[in-house]
Amino acid sequence: MGKSTNWRRLVIFACGLMAGANANAQLSPNDWKNSLQQALQNQAPPQTPQGQPTASPANDILQMPVSAGQLFHQKSASGEELAFVLQSLSMSARQRQSRDFLLRASPVASTTASDYVQRAKDEALKALLEGAMHGYGKDGDEKSYSDKSLNHFLDDMLENKAGLHSTRVDLPKQGESMTPAQQERLLILGAMVIGARLANETLQQAHENFRIISTQYEVLLDRRQKAASLLAGVMEQRRQAIAAKNELEARKLTNGLSEDDLKFIDSFGPKITIETFANDVGLQNLALSYLRKNDPASYADYETDQKKFVSSSKAYLQTVGGVAAFGGFSGIFVKQLMDMVRAKDYTGGMAALSLIRDFIKEAGPLMQSSSDALYDGLVTAPKNAHRTYRIEHAGTLTDIDHASEIFQSLTASGDKQLFDDALFRDNVPGFVSHVYQCDPEHAGDLLDSAVPAAQRKQFAQDYLNWQEDGPFSFADALYDETASTGTKRLAEPLLNRDQRKRADSVAIGQIQAQTVANDASWNDIQLMRMIVANSEGTRAQMQLGGSIVRLVPSMSTIFAYESYTDVCIKTASEDPATRESDRPAPSARPKKTH
Amino acid sequence: MFKTGIEIGRKAVVGGALLLAAACATPPPAPEQATTYKVIRAPVRMPSGFDLGALELVGEARRLRVYTQLRGIDDPGDATLLFPASVKANLGLTDQQANLLFHTGIRQSNRFDTFDDTDTKVRDGARQNYKGEKMDIVIEGEFLSERQEIIDISPYKKIHTSMRLIATMRNVNTGQELFPGAVSSPGEWGAVQGEGTMIPPNVAINTPQMQQSIGQDFQHSMEKAINGAVERIDELMRPVGYITFANATSMDMVGGTVNGFQGGDNVVVFHVDYTELGVGKDRHRVIAHVQPIAVAHCDGVGTETSHCDFTMMDPSVPDIQHPALEHDFVVLSDRSANGPRKN
């Protein structure tokens, strides 16, 4: 009995040692894996030729140069000298494995406090670290970000040779006498400080660019309203001609407008003014169409400004998306540092403290900006935005600010069911399929937003036999499928058929059902693009039973319309296989609900 | 010597630690490894809206024999259509086609042996016997209120088509109507963006192209009505199985893909007590009590039998080692019934 109990205790103790934790430590499966890898490394250290970068089985991404230890001797390093870390991180992101970067690059090493003095030091250090990290990287508070955006962003950063050269970080002198694993961890921290500093500079520049985009938008809106003014004048003359019973004159005035167009204009009331145009994207588009036919030179000017606005906006979104991704990654990085602290795996942590403080100071604002706040005014619309949509129901017009209120309004009128039913259709393209026709990535994004990550991954493994480690994204899968010349395994059954009730593939039906169940969580840019993609002609409106949802001109809606038109023109005119270079910014996808 | 002893000891500890690590680390599960479910004790909710009368037939371990009959689509008295019968014929929208659509929709639920009379088209009075087989259920359908109108969705005009399929379902053995009243399934096409023929300005709707398109609207509307009716029929005639074995963790049943079950289904196990009512030759057995017992997840669904693992057990079950008895029944859960069903 006593012997058996002792054996049990010994096994439990030994397992505890392998986990590298005391009785209170909570380790993840990754920690277990890493502990095992560490044990294996200790048992059989890798033999590397002198002068070659060291690489271990658990550390096959990060290639430490042999001169890395020298950096501690000089007590500081430039971004150039630490670029190898950022390159490894970029590679991890390309392989959608950035979330494991720190653990993969620097596995958790088990330590046990040997005496009271050491234990007291450990506790003091833990308190210091937790204090420094207070407010960041709490459990379960991981920021969502796109690996692709992170990869793009880091690649751009690595091309900024001047920035890397001039940005430096202080390294602790005691790093010289540390083990390679401890040195490696300090250098990763140093590289993260460099990355965060450069990201902050990029963010500042992006804010400057946003001011330029705002000006471009003002110019564009002015041109749209000038076109509106032209048409409003014509419509006023037509009204007077009709009042004077001069039918011929009325027809002459509206040359270039179809009966349909006139009816559409008339539906806004008997007396149309310039203000009327300011309330409807579709009506403004009609004015532009009139301008193109009657004043081609002015229309050409509009087109030039429109291209500038769309191109600058996309570049801006790519940049802020990249910064947001780096901020999101920083949040995860901090969390993993916290995990190491909790696992008492911070030998040499005192030396890292100043680096950790530097990093927290630099990355704090980035982590904050990984929220949608960065997209304000362009994609998600600022929280104080007014009148993004106008909904017509039973002869009443109601101005609505955000997508969530549109969904509430449709639910109240009983028309939300029609929206849900129409997302996926048999025989004719559903709403999501229409989005896909021009913008596969955005169509996938609609699904990514509505379907939880775990369900997406399970689907990919079951249906596509997907074997990768990272999260699965429909946006990536649909885009990649479109860019390839192979068979369309996913788009056809997923988007062009309704399998919610009767399914050839139950897995597809479940994804569709989940998408519909969560569609009310779609944000402004998602709803706007859906309206634009499904509208007839240039009218930015969607009919759902007795309700018609229209877009009111604003920076967000004009961007949604113009960028969608832009991507449609590209899709129609390009060979899919050659589109990779011109791929729209992945970061332009809002990630609020991922 | 002493140092060597320490080294040997260290090596032994490292070796032991590695062995322990191997023992402590969990290998990834093989694809064939079954999921182990924790059976929770909680009240089990009985699914609603399905026909318990079908239980009698389950005991015979055969599929329900269903005869389908559509009573025609051709211009009922109140029809207002914007295209002529000749276009219907061109599109293949004949009575026979409609009957086939109706029949196919019901057959796709994979739980009935279906019979129809497509060779002789639609006829009045569905049969109770067909080619020597006695039917269990007769489903009859009829389209009413076929209507097409031009609606104004400024700046456009488009066609809005609506109709209603009335379906009745009768248990041949008892003569009982299974739907109280009848199922009324609307079929609407053109109420939402992207549906319905758009009418461009200055284009007459009687051009051949427009007529063809308007005829297709009618077809979409009809398909929607049929799909709606089939959903209601599926709900009523939910897959039902029959327990053949059960222990504390799992159960087997008669009931598989041919009865409408599919891999990954959740099912509710329940016990039924009967009583007899009436006198003389009118005396008959009726269900007196239904007791839900357990919920099970069925990964092993075969064509005619299935193996399922318990996930929940009702607190009223006295012996958890033997929660269900042979002859207890199994019905598809609400959640699985409302999810996608395999064609």
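In chain A, four strands form an open sheet in the order β4-β3-β7-β6. Their pairing is antiparallel. The edges are taken by β4 (396-400) and β6 (541-544) of chain A; each has a single partner strand, so one side of each is left without a neighbour in the sheet. Direction ignored, neighbouring strands of this sheet are turned by 20° against each other on average.

Strand β3 of chain A covers residues 389-393 and runs antiparallel to β4(A), with 5 bridges joining the two. Within this pair, Ile391(A) has Thr398(A) of β4(A) as its bridge partner.

Chain B is described here by its confidence. Its mean pLDDT is 81, and 83% of the residues of chain B reach 70 or more. Confidence in chain B is highest in strand β14 (residues 305-313), at a mean of 95. Helix α1 (residues 2-24) of chain B is where confidence is lowest, at a mean of 49.

Two stretches of chain B call for care. Over residues 17-24 of chain B, pLDDT stays under 50, and the model has 14 contacts beyond four places in sequence for them. Residues 119-125 of chain B also stay under 50 in pLDDT, and for these the model has 11 contacts beyond four places in sequence. Where pLDDT is low, predicted coordinates should not be read in detail.

Terms used:
Residues are numbered from 1 along each chain as its sequence is written. Chains are lettered from A and ligands numbered from 1 in the order in which they are written. This is a predicted model: local features need pLDDT of at least 70, side-chain atom pairs count only at pLDDT 80 or more; totals for chains, interfaces and linings use all residues. Two strands pair if DSSP finds at least two bridges between them. Axes are lines fitted to C-alpha atoms, for helices over the stretch in contact, and angles run from 0 to 180 degrees between N-to-C directions. pLDDT is the predictor's confidence in each residue, from 0 to 100. Two residues are in contact if their C-beta atoms, placed from the backbone, lie within 7 Å.
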